[in-house]
Amino acid sequence: WAEGLDPKTGRPIFKEGGRPGDPSAMEGGKGEVVVAQPAFLGGKNWMPMAYSQDTGLFYVPSNEWSMDIWNEPVSYKKGAAFLGAGFTIKPANDDYIGVLRAMDPKTGKEVWRYENTAPLWGGVMTTAGNLVFTGTPEGYLKAFDAKTGEELYKFNTGSGVVGTPVTWTMDGEQYVSVASGWGGAVPLWGGEVAKVVKDFNQGGMVWTF
């Protein structure tokens, strides 16, 4: 809907097309279907990212998905996503949706990435031992090398991980804990994406390692 920003005013430079349109002017009361990327759930949503003082990198859980959106008469339904329009969310890639990115804040460049079949909907934790922990909807708690992105460890918790791993010590011993229990916005509002996660186990546990 825009081709850039006006350097003088800072306002968007609008271009024709790329808008859902007026449904009253369309046959069947449905406006033009427009593809928007990322989808309204965001390329980066609520899930916390992490920063390592040792590597100087941010570790960002993100998702690559798009959405078809169109104007049509829509009724509000309690508990359902409401955008005032029709929409369906779909993967932007054939093989993956979730991407854990290691980003250099000084350059804005991606240092490494881990691609996950399902959306990443949990937070990230880094440690002084140069490890990066996060969980996946498939149920895995995973640990990566903070510098290279090499996957060093994984354990299936039995249900999708939506929470953020934490670390703590007791009696001189360090532990990592994570809550496991799939749910949230993705299976409710995910459209085509929801098909990727429809068979994932429900659950409710806290695992400590």
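A residue counts as exposed when its relative accessible area is over 50%, and as buried when that value is under 20%. Keep that cut-off handy as we walk through this predicted model.

Let's begin with aspartate 171. You'll find this residue in the loop between strand S14 (166-170) and strand S15 (173-180). Is aspartate 171 buried or exposed? Its relative accessibility is 78%, so aspartate 171 counts as exposed. There's something about its backbone too: aspartate 171 has a positive phi of about 55°, although it is not a glycine. Why point that out? Because most residues other than glycine have a negative phi.

Asparagine 130 is another case to look at. Its phi is positive, about 60°, and asparagine 130 is not a glycine either. To spot this residue, go to the loop between strand S10 (124-126) and strand S11 (131-135).

Now for a peptide bond. Most peptide bonds are trans. But what kind of bond joins glutamine 37 and proline 38? That one is cis, with an omega of about 5°. Proline 38 lies in the loop between strand S3 (34-36) and strand S4 (50-51).

Which residues make the nonpolar patch of about 310 Å²? They are Val74, Tyr76 and Phe82. Pick out tyrosine 76 in the loop between strand S6 (65-70) and strand S7 (86-91). With a relative accessibility of 58%, tyrosine 76 counts as exposed, because the cut-off for that word is over 50%.

Definitions and conventions: Residues numbered from 1 in each chain as written. Predicted model: local features only at pLDDT ≥ 70, side-chain atom pairs only at ≥ 80, totals over all residues. Heavy atoms only, no water. Helix = DSSP H or I, 4+ residues; strand = E, 2+ residues; numbered from the N terminus. Buried < 20%, exposed > 50% of the residue type's maximum accessible area, 1.4 Å probe, protein only. Patch = residues over 30% accessible without salt bridge, like charges linked within 9 Å, V, L, I, M, F, W, Y side chains within 5 Å. Areas by Shrake-Rupley, 256 points an atom, 1.4 Å probe, with all protein chains shown as cover. Salt bridge = Lys/Arg side-chain N within 4 Å of Asp/Glu carboxyl O.
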